[in-house]
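Me: I'm new to this one and would like to learn how to read it. Could you walk me through a few features?

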Amino acid sequence: MKPAHRFQAEEISAGYEQHTILNDINVEIPSNQINVIIGANACGKSTLLKTMARLIKPESGEITLDGKAISSIPSKQLARVLGLLPQSPIVPEGISVADLVGRGRFPHQSFLQGWTKKDYEAVAEAMEIMDITELANQNIDELSGGQRQRVWIAMALTQQTDILFLDEPTTFLDITYQIEILDMLTDLNRKYGTTIVMVLHDINLAARYADHIFALRQGELIAKGGPSEVMTSQLIGDLFGLHCTVIKDPVSHSPLVVPKGRYHV
Amino acid sequence: MTNQTIDIIIAGRRQRRRRWFIVNSLLLLLSFILCSTMLLLGSTFYTVSEVVRALSGETLEGVSFAVNTIRLPRMLAGLFAGFAFGIAGNTFQTMLRNPLANPDILGITAGSSVAALFCILILQTSDTTASIASVIAGLVTVALIYLLSRGSSFSVGRLILVGIGIQAMLSAVISYLLMEGAQEDLPSALQWISGSLNGSQIDDMLPLMLTVLICTPMVIVLGKHLSILELGEQSAFSLGLNTDKTRILLIVSSVSMLALATSVTGPISFVAFLAGPIAKRLVGTGYSNVVPAGLVGVNLVLGADLIGQFAFDARFPAGIVTGLLGAPFLLYLLIRMNRRGSLS
């Protein structure tokens, strides 16, 4: 089991250039759980994720890991605890799946070292978890979107971090692949205790897979907690300006948001 | 985790490494053949034993002068400059993930050329001063492109467009310098600006050789970091890479090599552009492209020089031959990228 970490964002405000997107946010990420950030477009959920993953420097406030400011931790050392899968990772041209997945070992390797036994094991393990062993020696350009996403997650897994951030890992995927990816992330969490923090667009999938939900509106955190406490028709109304009713998902027994519209009331 | 998976991965990596070694050995062999040919062939043909004896310091009438003073410097200039062009071009193309983003198109080579021409034609300085000035000018050009293409977010497309603009501007400056230069310096300046191994002297070679010997290991060692940088800023950063430091080290070492090579041979067009993509095609998927790109550069320059010397009635500088090869490739690349929609 991965060790527990205290990961906190304290009073952070952040944004791009003059544009403030996050306003005084306080978040503590429950360790060894699946955490999902939800909210409408442009509410700052991706910014919050990127700020916590230190891609964006907050204008004020501090992100701490076990009580230490992450800005004071050497970047390679931090990269062994904290991993990130960006929303649309850049695909380098002409590289095999195994070599790409192996690049996730970078923070564990010293300057001139080649692949060690540990590196091979980590790559093999990640590829088995994501079920891409047969693709190992294929060129990444030849894969489908769903396969590629599994390769990217495998690369993040070889980094073997305790905490993994994912920015909309299921966007652009067919529903089958969405479920597949989320199941695999759940495996990862159940089996190894990896803390997962992700942004998801689909609120029903969020309700189904999350242990803990953070709801963001216009750069402010308006609710947090387990899906069944947080996901009420009132909160969804506040978040998205959507009339809806919330029922129990007959399959997963998590809350299921059923939207209303002008024709369906 | 099963050992079977590990075996599949090991087998694949071994196969790719084998291909890498074979490709490099063949490129090395071809370079050796071209280097030897350059020593043997000239206005007169000398035998292997004559050339070896001349090189080892024996005085043979005619042979010693031709081999040691003309052919050897010419061969060394092609060897080291070709290697430098290949590595520098590949570094930029990999770092910016776009074959168009190479020092020729971005105007970095032109920046170095302007400085070297200005020093030699107008200020009449020594060659060493010209070399140093061309390194500085190359780096200043990079900084300028970077500053001008900076927007709310980084875009390689914008960087390339700004680079093309700067390149056009610098070409105008080169034409101006050629007009202002003293009449008697013009023929050699014109030959230099089209990229030629003619008139290379052994004394000019030392700074270039030293720079290549210092910077190449640096770029090779940074190869792993370059492959992380290739994943994009966000991934590289979350893997714990100090992206700014890596970029600066890579830029300084490749621009130094490029600028010194340019100050010796002039801008041999398209070598920095072609070497990386050709090497990548030869090596195949995902193995370090640094050394093969350098070797392809060597073969391009030496091959072009030999073709320019012997294939036609008149003698053409290497840069004109590579230009003829490179221009169609540029068109091909533009058409292919436009189809895939990756130009924007």
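Me: At what angle do helix 5 and helix 12 of chain B pack, and how far apart are their axes?

Reply: A word on the ground rules: this is a predicted model, where local features need pLDDT of at least 70, side-chain atom pairs count only at pLDDT 80 or more, and totals for chains, interfaces and linings use all residues. Residues are numbered from 1 along each chain as its sequence is written, while chains are lettered from A and ligands numbered from 1 in the order in which they are written. Helices (H or I, at least four residues) and strands (E, at least two) are DSSP runs, numbered from the N terminus. Axes are lines fitted to C-alpha atoms, for helices over the stretch in contact, and angles run from 0 to 180 degrees between N-to-C directions. Here, helix 5 (residues 108-123) of chain B meets helix 12 (residues 243-265) of chain B at about 50°, with the axes 9 Å apart. That makes the pair oblique; angles under 35 degrees count as roughly parallel, over 145 as roughly antiparallel, 65 to 115 as roughly perpendicular and the rest as oblique.

Me: Which residues of helix 5 and helix 12 of chain B make the contact?

Reply: Two residues are in contact if their C-beta atoms, placed from the backbone, lie within 7 Å. On helix 5 of chain B they include Ser112(B) and Ala116(B), and on helix 12 of chain B they include Leu258(B) and Ala259(B).

Me: What about helix 6 and helix 7 of chain B: at what angle do they cross?

Reply: Helix 6 (residues 127-149) and helix 7 (residues 156-180) of chain B cross at roughly 125°, and their axes come within 9 Å. So this pair is oblique. Among the residues touching are Leu144(B) and Leu148(B) from helix 6 of chain B, plus Leu159(B) and Ile166(B) from helix 7 of chain B.

Me: Now chain A. Is Ile56(A) buried, exposed or partly exposed?

Reply: You count other C-beta atoms, placed from the backbone, within 10 Å of the residue's own: 20 or more is buried, 12 or fewer exposed, and in between partly exposed. Ile56(A) has 19 such neighbours, so it counts as partly exposed. You'll find Ile56(A) in the loop between helix 1 (45-52) and strand 4 (60-65) of chain A. Ala14(A) is 42 residues away along the chain, yet the two C-alpha atoms are separated by 7.6 Å.

Me: And how many helices and strands does chain A have?

Reply: Chain A has nine helices and 12 strands. Buried residues make up 45% of its 265 residues.
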